Amino acid sequence: MYEQESFSLLNEILVDLEIEFKQEDLRHFYTRLGANFYTIYSLFKLLYADHADFSIHARHLVETMARQYINRPKALKKLDIDREKDHNWFLSQQWIGMALYCDGFANDLKDLKSKLHYFQELGINLVHIMPILKCPLDECDGGYAISDFRKIDEKIGTLEDVTTLANEMRTQEMALVMDVVVNHTSYEHEWAQRARDGEKKYQDYFYLFDNREIPDMFEKNMPEIFPEIAPGNFTWDEQMEKWVMTVFNNYQWDLNYNNPEVFIEMLDIILFWANQGADIVRLDAVAFLWKKVGSTCQNEREAHLILQLMKDCCQVTAPGTLFIAEAIVMPVEIVKYFGEDAVNAKECEIAYNATLMALIWDAVATKNTKLLYQGIKSLPDKLERATWLNYIRCHDDIGLGFDDADIIAVGYEPIAHRRFLFDYYTGVYGDSIAKGMPFGRNNKTGDARISGSLASLIGLQKGLEDSNEADIENAIQHILLLHSIIMSFGGIPLLYYGDEIGTINDNTYLDDVSKANDSRWAHRPKIDWDKAENRNKPGTVEYRIFNPLKHLISVRKEITCFADFNNRVLHNVPNTHLLVFSRFDIHKHGHVLVVGNFDSSPQYLDMDTLNKTAFNQYGPMIDLISKCKPTMFKNQLVIPPFHYYWLVDSERYR
Ligand code: OTU
């Protein structure tokens with residue numbers, strides 16, 4: 001869009017830039033800047049108009065984008081152009097992700113590079129390496145308390161190791177995901193240190209208060225994120241004699257996005273990582289970016305404007321780089337992080353499907369799919385050119401983030417139902433086979449979350465401890481069922497490292513005082529590579545999980561119906577133990593019927609009850625996973641305990 005005011009400012013800025021960057025070929029940069037500048041200017045103005053030095057900041061913003069464009073390696077500039085052409089590249093069913101800690105999966109970055117063959121073997125081609133930057137020694141929050149956004153933790157490697165790894169991954173056609181922790185720094189970060197030393201400029205980077213007056217006002221509406229280990233949202237700093245806003249741990253200082261320089265610094269860091277070869281940047285805790293007295297300080301409109309502005313600026317410098325929104329918030333709020341419009345108000349292309357994750361755990365505990373159906377139905381539609389990260393476990397706890405209205409709609413009472421789930425997963429309820437731990441219990445609100453690895457929560461750990469083969473087999477089937485769902489639902493499946501070989505809780509964190517009070521460490525394993533070798537030994541648990549998973553992945557990659565174009569139809573079926581949906585191929589009119597049984601006994605599905613309006617009828621079917629005909633009695637499909645099918649019309653299949 002052409003608009004005079006913004007373009008006259010841009011002209012002024014460009015005159016100076018041209019002098020500075022004379023020899024550079026800025027053609028693509030200028031074209032993209034021209035296309036996005038009016039929006040960038042408008043958003044920047046919406047957020048920062050009342051700053052006296054508004055045009056100086058605007059100039060600094062454009063300069064930052066230009067400088068990082070010039071720094072951008074040639075190969076990545078070429079990739080940008082390729083991806084502009086193939087702009088739906090990330091919606092393809094070919095992508096399969098895994099999230100991991102570098103020093104848990106491997107020893108360090110070099111070692112990780114030497115293990116890329118493991119991903120190739122399983123079929124993983126998108127790898128999220130969780131934060132590997134410098135943190136305070138014993139106060140790191142699993143890497144999310146960052147002391148220097150450009151310095152790799154010495155134990156893990158160097159910046160050169162990252163670029164070498166990124167280059168190697170690119171040649172192997174793998175995508176690299178890296179974090180930018182946009183909401184906070186650690187107290188050890190240079191900005192925090194200079195603020196402590198009294199530099200006004202850096203004190204303005206954070207939320208600092210001389211007394212409790214404003215903090216107390218904030219506290220009225222702000223929930224506590226880590227109520228047990230870090231109660232309250234402010235921490236007294238002795239040196240400054242000020243209260244610092246610390247929403248997460250008391251060593252994590254919240255950045256003040258009211259300050260345009262904070263925005264520019266963080267944009268610069270995002271572009272820096274895009275230039276090191278991150279194909280996708282995971283933006284941590286995005287719901288928290290804007291603080292307002294009288295609000296929960298989550299999901300504020302300005303937080304969305306900041307993300308739109310980050311996206312628009314990133315499109316100018318590194319348009320091939322995508323964003324993941326890490327917003328573990330209520331279902332209606334999560335989808336907003338895709339933005340309001342795929343072109344005019346885009347935010348992040350990808351978001352964690354925390355809703356599906358929590359719903360899956362509900363179905364596991366209850367052995368029925370009532371809430372799962374209700375929750376999926378309530379999931380608002382997402383934008384075009386947007387996709388989910390579908391996951392079962394990650395490095396964090398499981399929050400029971402369902403909508404109360406959904407819980408009520410299926411006949412449960414919200415408090416009692418959440419209590420049941422919590423008791424079930426912490427092994428307290430009846431004959432529960434789960435071995436999870438409580439996390440983030442809040443006595444004031446009654447809220448509680450759950451830690452524990454997939455294998456431990458689903459009963460594999462108990463089965464192994466009891467040497468009960470039937471329980472082991474059930475748990476393995478269950479693990480595969482859940483993966484069959486995240487692989488067919490629509491979006492990028494994101495596996496969690498260790499789950500592919502059935503890794504159980506690791507309680508050694510209890511011996512480390514810096515970790516003992518945070519049960520999330522139980523499911524951040526150090527991979528035992530001798531055990532992982534068992535994946536080649538028939539009969540072992542590792543073999544029985546790894547190989548079927550590998551097969552599921554390879555089958556998924558072949559099924560174009562599984563690409564994510566909002567092409568899913570959910571079937572309401574009378575049997576409440578089943579999850580049944582169809583996925584369509586928007587080009588070839590083919591379709592796959594996904595059926596999963598969440599119960600421990602066999603279930604049947606009356607094929608007549610399926611909504612047939614969208615397709616003719618179900619003739620003879622074949623399961624794409626086993627390549628066999630499923631068991632049928634007349635028109636009734638039989639689904640063994642914890643079993644799953646990806647069914648197609650056998651006529652078409654040939
Ligand atoms: C994120 O977490 C990270 O994934 C956590 O590992 C960090 O501790 C945290 O940020 C602080 O950097 O912000 O939007 O319930 O789900 O804290 C949600 C805990 C987050 C996490 C929540 C989450």
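Guide: A285 lies in the loop between strand 11 (280–283) and helix 13. Helices (H or I, at least four residues) and strands (E, at least two) are DSSP runs, numbered from the N terminus. This is a predicted model, in which local features need pLDDT of at least 70 and side-chain atom pairs count only at pLDDT 80 or more, while totals for chains, interfaces and linings use all residues. Residues are numbered from 1 along each chain as its sequence is written, and side-chain values use heavy atoms, with hydrogens and water left out.

A285 is not a glycine, yet its phi is positive, at about 50 degrees. With a relative accessible area of 4%, A285 is buried; buried means under 20% relative accessible area, exposed over 50%, and partly exposed in between (1.4 Å probe, protein chains only). C297 also has its place in the loop between strand 11 and helix 13. C297 likewise has a positive phi, about 65 degrees, without being a glycine, and at 1% relative accessibility C297 counts as buried.

The ligand comes next. It has 19 residues around it, of which D141, H184, D284, D396 and R449 come nearest; a residue is near a molecule if one of its heavy atoms lies within 4 Å of it. The shell consists of 8 nonpolar, 3 polar and 8 charged residues. In these classes Ala, Val, Leu, Ile, Met, Phe, Trp, Tyr, Cys and Pro are nonpolar, Asp, Glu, Lys and Arg are charged, and the others, Gly among them, are polar. Ligand oxygen atoms are 2.9 Å from a side-chain N or O atom of H184, 3.0 Å from one of H395 and 3.1 Å from one of D397. On its own the ligand has 490 Å² of accessible area, and the protein covers 96% of it; accessible areas come from the Shrake-Rupley method with a 1.4 Å probe.

Rings are a further theme, with 37 aromatic pairs in the whole structure. Rings of Phe, Tyr and Trp (its six-membered ring) pair if their centres lie within 6.5 Å; planes under 30 degrees apart count as stacked, over 60 as edge-to-face and the rest as tilted. Y101 and W521 are stacked, 6.4 Å centre to centre with 25 degrees between the planes. Y101 is in the loop between strand 1 (97–100) and helix 5 (102–105) and W521 in the loop between strand 19 (492–496) and helix 22 (529–533), so the pair ties together parts 420 residues apart in sequence. Both Y101 and W521 are buried.

F226 and F439 have ring centres 6.0 Å apart and planes at 75 degrees, so this pair is edge-to-face. It links distant parts of the chain, 213 residues apart: F226 in the loop between helix 11 (213–219) and strand 8 (234–237), and F439 in strand 17 (residues 437–439). F226 counts as buried at 5% relative accessibility, and F439 is buried with a relative accessible area of 4%. Ring pairs also link Y2, F7, F37, Y41, F44, Y48 and F54 into a cluster.

Definitions and conventions:
Polar contact = N/O pair within 3.5 Å; in protein donor to acceptor, adjacent residues only side chain to side chain.
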